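Open the model in your viewer and keep the selection tool at hand. The tour moves stop by stop.

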Amino acid sequence: MNIRASAGTAPNESIPVLRPQLPSADRLLPYLRQIDSTRFYSNYGQLVQQLEQRLAEHLKLAQRSVASAASGTAALIGGILASAGRARPERNLAILPAYTFIATAVAAEQCGYQPYLADIDPDTWILDGETGIPVVIDGAASFEGISDDPGQYLGITPVALSFHATKSFATAEGGAVISTDLALCERAGLALNFGLGGTRDSATASINGKMSEYHAAVGLAELDGWTAKRAAFRNLSEMYQTLATAAGLGGRLVTAPDVAGCYVLFRCSSTDEARCVQDSLEQSSIGYRLWYGLGMHQQTYFTGLPRDDLATTNHIAPLVLGLPVATDLTEAAVTRVIRALARGCL
Ligand SMILES: *Cc1c(COP(=O)(O)O)cnc(C)c1O
């Protein structure tokens, strides 16, 4: 018997909503040995530079189009400081969607902006981007999408990525700002390193948002194994779709390639159904999560934010349930999840 069978294989074992898997110690070792020999631990050493170069190649972009960051949130701050700069009294609002992760508002606030919440489009779940003001795209979990079609998603407008452990491409903590505007990328790099360029003079608004060499080591090993990891996510989403269709739940799951491989989302048709489906998942010890909660305005700290009418966010947010994902989630486990969904549907 395989005592190391993955989570969810035994009939009553609990299935966590997300069980990340980053490169093993063995795969990290060659990179860690490089750190031992160079004794360079941060401040844009060889490994960070190599990661930025390899990511640019992977995305078919020119060198220096990728500015690494300590987190996705730091990448957002770098992107905002490099494009719009800090807030000014006469230009102090940042419009952002109410249906997103908290980090989007946190980053805007740390750059001095008052976040202003706007509603999402009911079909695309995003904001209308035709605003005529500086835009930074929080593309935190979009690595697969931009890898597939860099030309469609990447341009001058900076895109902030997160490499958090829960994201498909992960360095545990990390992120990057990506833009074809190389001067903007350079400004983002400055903003993430105390405003310091080649001298000891702090020249711009900044934070310490640098990626360390250790995190870059994880990123390089993650890129080495990316083809396999990506395929595992794709296989899982296909397995979910096939089993859902067989159970009469076709069309209810939102999976890759429409969203990142680290998400499998179930769309409930009403709040009553959402309640029943959640009860059913809980009874079967299956983890689930409303990844963006009920919207930014429902977070205690952000309840007072100025906002538009958020009817679509309020309608959609409680109906979208994040389901278990792991690159090694078994067919038996996915079958249990689908059965629990079917039992909960009204
Ligand atoms: C994950 C995520 C972030 C935050 O990234 P961190 O690396 O955790 O700082 C920001 N925005 C969205 C939409 C995310 O999904």
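**Stop 1: a threonine and its contacts**

Select Thr 171 and show its surroundings. Leaving out residues up to four places away in sequence, Thr 171 touches Leu 22, Phe 163, Met 211, His 215, Val 218 and Gly 219. Contact here means heavy atoms within 4.5 Å.

A word on the model before moving on. This is a predicted model, in which local features need pLDDT of at least 70 and side-chain atom pairs count only at pLDDT 80 or more, while totals for chains, interfaces and linings use all residues. Residues are numbered from 1 along each chain as its sequence is written, and side-chain values use heavy atoms, with hydrogens and water left out.

Stay on Thr 171. It sits in the loop between strand S5 (159-162) and strand S6 (175-178). Helices (H or I, at least four residues) and strands (E, at least two) are DSSP runs, numbered from the N terminus. Is Thr 171 buried or exposed? Thr 171 counts as buried because its relative accessibility is 0%. The cut-offs are under 20% relative accessible area for buried, over 50% for exposed, and partly exposed in between (1.4 Å probe, protein chains only).

Now pick the side chain of Thr 171. One of its polar atoms lies 2.9 Å from the backbone oxygen of Glu 173. A polar contact is a pair of N or O atoms within 3.5 Å; within protein, one must be able to donate a hydrogen and the other to accept it, and residues adjacent in sequence count only if both atoms are side-chain atoms.

**Stop 2: the four-stranded sheet**

Select S6 next. Both of its faces are covered: Gly 175 and Val 177 are buried on one side, Ala 176 and Ile 178 on the other. S6 belongs to an open sheet of four strands, ordered S1-S6-S5-S4, with mixed pairing. S1 and strand S4 (137-138) are the edge strands, each pairing on one side only. Two strands pair if DSSP finds at least two bridges between them.

S1 and S6 pair in the antiparallel sense over four bridges. Look for Ala 67 opposite Val 177, and for Ser 68 with its bridge partner Ala 176.

**Stop 3: the ligand**

Select the ligand and its shell. How many residues surround the ligand? There are 14, and the closest are Gly 72, Thr 73, Asp 138, Ser 162 and Lys 167. A residue is near a molecule if one of its heavy atoms lies within 4 Å of it. The shell divides into five nonpolar, seven polar and two charged residues. Ala, Val, Leu, Ile, Met, Phe, Trp, Tyr, Cys and Pro count as nonpolar, Asp, Glu, Lys and Arg as charged, and the others, Gly among them, as polar.

A polar side-chain atom of Asp 138 lies 2.7 Å from a ligand nitrogen. An N or O atom in the side chain of Ser 162 is 2.6 Å from a ligand oxygen. For Lys 167, a side-chain N or O atom is 3.2 Å from an oxygen atom of the ligand. The protein covers 89% of the 380 Å² of accessible area that the ligand has on its own. Accessible areas come from the Shrake-Rupley method with a 1.4 Å probe; for residues, only the protein chains shown count as cover.

**Stop 4: helix H4**

Select helix H4 (residues 103-110). Its buried residues are Ala 103, Thr 104, Ala 105, Ala 107 and Ala 108. They pack against helix H3 (72-83), strand S2 (93-97), strand S3 (114-118) and S4. Gly 112 follows H4, with a positive phi near 95°.

**Stop 5: the three-stranded sheet**

Move to S7, S8 and S9. These three strands form an open antiparallel sheet in the order S7-S8-S9. Strand S7 (253-254) and strand S9 (320-322) stand at the edges with a single partner strand each, so one side of each has no neighbour in the sheet. Three bridges join strand S8 (residues 265-267) to S9. Select Phe 266 and find Leu 321 opposite, in S9.

Finish at Gly 251, in the loop between helix H9 (226-246) and S7. Gly 251 is exposed, with a relative accessible area of 71%. The C-alpha atoms of Gly 251 and Phe 266 are separated by 9.3 Å, with the two residues 15 apart along the chain.
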